[in-house]
Amino acid sequence: MIPELETALAAPPYSLRQAEREDLLLAGLNRLTLHHRAHCAPYQRMLDGAWQGSTAATRLDELPYLPVSLFKTQRLQSVPDEAIRITMTSSGTSGQAVSRIAVDAETSLIQQKALANSLMHVLGRKRLPMLVIDTDAVFKDPATISARGAGVLGLMRYGHKHAFALDPSLRPDFDTVRAFLAEHGKTPFFMFGFTFMVWINFYEQFKDAGLDLSNGILIHSGGWKKMIERSVDNAVFRQALGQAFGLTRIHNFYGMVEQIGSIFLEGPDGLLYPPNFADVIIRDPETWLPCEPGQPGVIQVLSLLPHSYPGHSLLTEDMGVIRSIDAGHDGWMGKGIEVLGRVARAELRGCSDVLAAAA
Amino acid sequence: MIAIWGQQPEPVQVDAAELETRVAGLTYASGTPYSPDLVKVLDEISRRILQHPQLRHGPQYVALAFWLRRASMQRLADSLRAAEQPGYLPSARGVALHLPPTNVDTIFVYSWAMSLFAGNANVVRLPESLKPETRLLVGLLAATLGDLGEGQRQLFCHYPYGQPIEAALARHFDLRLIWGGDAKVNQVSKLPIRPDGLSIGFPDRKSLALIASDAYRQADEAQRDGLAERFFNDVYWFDQMGCGSPRLLVWLDEPGALAEDFYRRVASLARSKSYQVEAGTAIGKLALAHDLLAEAVTDRHSAYGNALHVSRASDPVEALHRPHGGGFLCDWVATAVEDLAPLASRPLQTVTHFGIDAVACEALARTLRGRGGYRIVPIGQALQFEPVWDGVDLMRHMTRLIAWR
């Protein structure tokens with residue numbers, strides 16, 4: 001583990017102020033660039049060809065960044081094949097192409113540590129009983145384990161006495177939920193689910209069931225596209241869950257398989273905060289220069305976690321905006337951002353096309 | 001849905017039987033090749049495009065109208081007549097089916113107009129929903145044809161692929177022209193047309209440009225700007241997605257700083273003409289640039305603003321086949337036109353050039369022979385339609401000859 005990451009993890013989660021954080025990250029990220037350049041030949045070719053070989057940025061926004069789709073088209077790793085413990089995959093939302101992230105033992109450990117560090121900030125030091133807003137069938141069959149299943153499994157590590165709120169066909173399991181609440185509902189408990197499922201399969205099914213979730217801490221993630229289609233934004237989501245269940249401790253997070261363990265967690269002001277070992281730059285899609293707070297642009301994510309693959313500085317396909325810097329609500333420091341959705345997919349004209357059955 | 005475009009702006013829904021009856025009725029409806037009547041029909045279309053409140057502002061429609069106008073068609077008719085051999089009477093081939101690409105551009109109108117000019121009855125299968133400009137154009141064509149009494153013989157319609165109607169119609173056609181991707185051409189070609197019919201695919205093509213560094217070095221400011229403008233049109237008119245749009249630029253002999261001089265001019269035109277690059281396209285270009293570097297297809301990448309990205313190819317053959325569109329160019333340095341031979345495979349369509357004399361052009365044509373590459377034309381003419389397309393003499397294929405003695 002690089003020393004800068006150790007320093008970042010030693011501080012209270014989400015506590016590093018922007019200036020302090022940038023100094024720490026610059027040294028760490030430059031170190032990672034150098035490391036990956038030396039151990040990943042395609043990465044070196046990209047740096048040499050498009051970034052003048054850049055290895056020593058003097059500011060975070062000078063760091064070379066890779067478009068995140070590179071992990072769908074290239075095999076990028078900085079460790080030998082035999083060192084890879086697991087290849088993480090995700091389909092994303094944009095089609096058949098799958099990201100393949102090479103994770104070795106060290107990076108895997110780093111990811112778990114980092115994630116625990118972030119989650120502890122909202123869950124506390126003690127492991128809590130956990131109500132999963134999903135079915136246990138989602139990870140039971142290893143042959144068909146999906147990104148969703150992997151996500152559920154990954155988060156289950158941070159709770160215990162797991163119960164599953166949905167049956168294998170994603171219908172509500174009232175008995176299990178009631179039994180869980182009878183046993184654990186009087187003290188804090190942990191809930192996790194994908195945003196859309198929390199809404200459709202949990203909220204809409206259970207809202208009239210008179211559940212008391214006031215001791216619950218809900219962590220959810222997974223994109224807002226389908227929610228926006230239903231005119232549900234974060235405010236509506238929070239209000240509805242508060243009204244139906246008395247659930248107020250709700251934390252959305254933004255993260256991606258290409259930087260697993262690095263989660264932007266929703267702070268008390270509803271904004272998403274990068275952890276101490278990460279940062280975000282919003283770039284103007286015309287000039288690619290960093291945007292001022294308040295100006296929307298494309299999200300670039302920086303993280304000290306990726307040691308086994310060159311994923312420490314990535315240009316995402318998401319739009320976002322910085323709303324505050326070092327706002328300091330309940331000690332949450334750094335940039336507070338809002339994610340605005342995906343960058344519109346490009347459609348170019350032209351005379352060659354596919355046989356579109358729908359056309 | 002099955003529908004026919006008529007005098008009304010919107011297509012009228014019909015049933016399969018009605019469409020098949022219409023098509024079957026065309027078998028003996030063909031006219032006289034390049035007759036004065038047909039010149040008149042195309043000239044009227046030209047006139048109406050140029051008067052159209054929206055279409056007359058689109059350069060590709062103006063170019064189409066210019067080609068369809070009386071003088072141009074009369075010249076084509078004269079040259080065809082002059083090439084006739086005694087004892088051979090040209091005849092329309094019969095009924096032609098045109099399958100334009102889903103994202104219809106104007107090229108299909110050229111091939112349809114050629115077929116009409118050959119005297120054929122034509123069926124054009126359009127996508128169910130058309131882009132706004134295409135809708136206007138199709139509406140204009142259908143209305144003009146109706147007004148001139150040519151409407152029966154020229155059918156613009158939609159029917160679904162993969163349904164019985166597709167096969168039922170296919171057997172009436174003497175000629176089938178398929179525009180689109182390789183997969184579409186292969187799929188559509190499976191259905192038999194008339195046993196003596198002719199089916200021609202115009203599949204995915206890729207094109208490149210060739211600039212002689214020496215000629216560029218000698219060009220003055222105005223000539224360089226003029227070249228940049230013609231090149232800009234070739235690249236950006238169809239978002240670099242046309243078959244003829246250059247994706248690779250080959251410099252003949254080391255250009256040194258001249259390359260950058262040229263790219264700066266092109267990029268500055270893109271800015272002054274407000275060529276829009278959406279964020280998604282810009283990210284896609286950046287991603288391809290990195291992909292090519294990672295795979296060692298290129299070894300250097302520069303962005304001249306969002307509109308123009310240029311990567312120096314170390315593997316030009318692969319680079320040519322990894323297009324993006326929206327202003328992504330690979331460049332490469334050759335020492336002689338003969339170096340282009342490995343680049344010429346079947347999918348190569350157009351080589352646009354600057355500073356190449358006739359001797360070198362012919363040498364290039366000989367280099368391409370038997371491989372691929374069907375047009376060698378000056379920069380600025382990449383997207384210009386001509387009656388020999390993808391190496392196919394369209395008029396010859398759209399007509400038959402009756403031998404008599």
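Modeller: The domain assignment of chain B gives domain 1 (3–204) and domain 2 (206–378). This is a predicted model: local features need pLDDT of at least 70, side-chain atom pairs count only at pLDDT 80 or more, and totals for chains, interfaces and linings use all residues. Residues are numbered from 1 along each chain as its sequence is written, and chains are lettered from A and ligands numbered from 1 in the order in which they are written.

Biologist: What makes these domains of chain B, and how far apart do their C-alpha centres lie?

Modeller: The bounds come from an automatic or database domain assignment. The C-alpha centres of domain 1 and domain 2 of chain B lie 33 Å apart.

Biologist: How many residues does the contact take from chain B and from chain A?

Modeller: Chain B gives 43 residues and chain A gives 31 residues. Two residues are in contact if their C-beta atoms, placed from the backbone, lie within 7 Å. On the chain B side, α12(B) gives the most, with 13 residues. Helices (H or I, at least four residues) and strands (E, at least two) are DSSP runs, numbered from the N terminus.

Biologist: Why are β2 and β8 of chain B said to stand at the edges?

Modeller: The open sheet has seven strands, in the order β2-β1-β6-β5-β4-β7-β8 (chain B), with mixed pairing. Strands pair if DSSP finds at least two bridges between them. β2 (12–13) and β8 (198–202) of chain B each have a single partner strand, so one side of each is left without a neighbour in the sheet.

Biologist: What joins β7 to β8 in chain B?

Modeller: Five bridges join β7 (residues 175–179) of chain B to β8(B), and the two run parallel. L175(B) stands opposite L198(B) in β8(B).
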